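Please read these notes with the model open beside you.

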Amino acid sequence: MGRISKILIANRGEIALRIMRTCRVLKIPSVAIYSVADRGSAHVAYADEAYCIGPARSVDSYLNLDRIMAAIHESGADAVHPGYGFLSERAEFAQACTERGVIFIGPSAAAIGAMGDKMLARQLMQTHNVPVVPGTDGAVTDLDEALEIADRIGYPVLAKAAAGGGGKGMRKVHSAQEMEQALNRAQGEAGSAFGDARIFIEKYLETPRHVEFQVLADAHGSCVHLFERECSIQRRHQKLIEEAPAACMTEELRARMGAAAVRAAQACNYVGAGTIEFLVDKAGNFYFMEMNTRLQVEHPVTEYITGLDLVAEQIRIAEGKAIPFTQDALTINGHAIECRIYAEDPATNFIPSPGTVTFHQVPVGVGVRVDAGLQTEGDIPIHYDPMISKVITWGLTREEATQRMIFALEDYHIAGVKTTRGFCRRVMECAAWQEARLSTHFVDEHPELLAEEFALPTEAAAMAAVLLQEQRTASPLTGGSAWRSRRRKGGILPGNDFATDV
Ligand code: ADP
C-alpha cells in the first residue's frame, strides 16, 4: 500500500465516469477499458488513457480477466477500481491484482469469497450475532429435509441459490406440493446461471422493506456505518428507487441495525466500502440478507446525506490511510432520493428497450445531481445493463427531495428509447410514496402507475426542452404562449384585457 498514482477503472458507463471524476479531483490519472461496442462512449473520452479489451459481449471484454490484467500491465496503473457488477465481486480478480502488486480498491479476495456465498455468509452472520432470515444452515440436498424445514419455518419459503445475485436464482414455494418441482427448477437454474447448483431455504417474508447499511472499514481496525438506504421499490427483485435515510427508521432501530452491520463487516475482516442488506418486517424485526462487497449503484444518496465522496474514501482506504472520523462524528443531513433511469418499458414488465439515445438533456438545479453514462447522445448497447443514468435529489426534508425530484424528472429530456422516467415521476407524485407506505411489492401493488411509454423522437424531446426553457424564462410582462397559460396558474385568462393584466 502507498500513494496511488494511476487508476484503471475496470467498468463502463455511468459508474466508470463517476469514479474518474473523483480521480480528477484527487489528481490521479485514470485509465478506461472498453469493448468494441463502447468505442464512442463518454467514459472512454473522459479518461486520460483508454484500452480496447475486446468484442462487445461481456464475457469477451468486461468479464475477461486476462485482457483486463493485460490492460493494467500495459497502462502501468498501480490500482484498479472495479465499480459494481462485472468483475467487482470476483475474488479471483482481487487475487490476481494483489499477486501482481496492483492495489485492488475493494476488500480482500478472502472477504469477497466469504460474502459471495450467501449460504456461508448466513452461517458467518449467525456466529456473530447478526440475525438472519429463518432457514437452513447449509445446502439442501434432499426433498424430505427441505419439506421438514419448510414445515418448521412455515410456508411460503424461498429456495435460493447460494451463488445467486442480481435478483436471479430465487423461487417462491407456497406449499409442500410445490417443493419438489421448485427445488429441481431452482437447482437447474442456479447450475446453468452461476455454475453452482447449491440451494438453501429461507422463510419468505410477506411484505418486507429492503433497508441496507453502508459501511466503511480501514486496515487499522476502524469500522463505521454511514447510515441506511431504503431500496424497497424494485422490479424483478432489482432496485429502481432508493432513498436515505429510510422513512420507516427510528433512532433505536438505526442504532441496533447499524451495530449489526458493523459486526457483519468485522466478521469477515472487511476493509473498504461495503453494504449490508437487510429485510425489515412489519413488526420492525430485521434480518441479514447479504453483503455486497463493492460500491453500490445507489451510493450517491448516502453521499448527499453525509457530505462524503465514497470513491475518495475507498481510494484513501486502499492507500492504507485511516478513516479520519469516528461514528459519533457522523450525522444525517437532510434527505436524498435516487431514481434510476433505465432504457426499459414499464408497461411490458420493464423489458429492456436498448437502442440509441438521440437526444439527452439532463436537469440541473439546487439539490439535483445526475450521474449518466452518456452526454448529449449515445448508445445503450443490448449487451449490458440498460441503465442510462441516475437522478439524485437532496432536500432538507423528504418532501423537499421529492418535490425536487418531480421537477428534475420533468426537466429531463430523453429521445430515442423508452425509459423509466415517467414511471419514476408518477411514483413521486403518488400518495403511497408521499406517505412512505413502501414494501418490496410496491410496483406490483400499484399497477395504476404503469403507463405506456413512448420513445420520443429527437425533435419532440428537443422541442420540449426548448419550450420548457421558454416557459421558465418568459417574463410575466411579456406574456406567454397559450400552452404556458394553460399549464401555469397566473397566466393570462382568455378574454382578459392584456392591458389590465399589466
Ligand atoms: P440478489 O443478490 O439477487 O439481489 P437478494 O438476496 O439481495 O438477491 O434479494 C433481492 C430481493 O429479493 C430483496 O430485496 C427482496 O425484495 C427479495 N427477497 C430476498 N429474500 C427474501 C425473503 N426471504 N423474503 C422476501 N423477499 C425476499
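1. Start with Asp 371. This is a predicted model. Asp 371 has a relative accessibility of 7%, so the residue counts as buried; the cut-off for that label is under 20%. Asp 371 takes part in a salt bridge with Arg 369, and the closest N and O atoms lie 2.9 Å apart.

2. Arg 369 has another partner to check. Arg 369 also forms a salt bridge with Glu 303, with 2.8 Å between the closest N and O atoms. Arg 369 belongs to strand 19 (residues 368-372) and Glu 303 to helix 10 (residues 299-306), so this pair ties together parts 66 residues apart in sequence. Both Arg 369 and Glu 303 are buried.

3. Next, look at Glu 453 and Arg 426. Their side chains form a salt bridge, at 2.9 Å from N to O. The pair links distant parts of the chain, 27 residues apart. Glu 453 sits in the loop between helix 15 (442-445) and helix 16 (458-473), while Arg 426 is in helix 13 (residues 421-429).

4. Some salt bridges share partners. One network formed this way joins Glu 212, Arg 229, Lys 239, Glu 242, Glu 277, Glu 298, Glu 338 and Arg 340. The count of salt bridges comes to 38.

5. Now turn to the surface. Which residues gather there in a patch of negative charge? They are Asp 142, Asp 144, Glu 148 and Asp 151. Asp 142 lies in the loop between helix 6 (118-127) and helix 7 (143-153). Its relative accessibility is 40%, so Asp 142 counts as partly exposed. Patch residues need over 30% relative accessible area and no salt bridge.

6. Finally, inspect Phe 288. The residue is in strand 13 (residues 286-292). Its relative accessible area is 1%, so Phe 288 is buried. What does Phe 288 touch, leaving aside residues up to four places away in sequence? The contacts include Met 115, Ala 121, Arg 122 and Met 125. Val 211 is 77 residues from Phe 288 along the chain, and their C-alpha atoms are separated by 9.8 Å.

Note on methods
Residues numbered from 1 in each chain as written. Predicted model: local features only at pLDDT ≥ 70, side-chain atom pairs only at ≥ 80, totals over all residues. Heavy atoms only, no water. Patch = residues over 30% accessible without salt bridge, like charges linked within 9 Å, V, L, I, M, F, W, Y side chains within 5 Å. Areas by Shrake-Rupley, 256 points an atom, 1.4 Å probe, with all protein chains shown as cover. Salt bridge = Lys/Arg side-chain N within 4 Å of Asp/Glu carboxyl O. Lys, Arg positive; Asp, Glu negative; His and termini not counted. Charge placed at Lys NZ, Arg CZ, Asp CG, Glu CD. Helix = DSSP H or I, 4+ residues; strand = E, 2+ residues; numbered from the N terminus. Buried < 20%, exposed > 50% of the residue type's maximum accessible area, 1.4 Å probe, protein only. Contact = heavy atoms within 4.5 Å.
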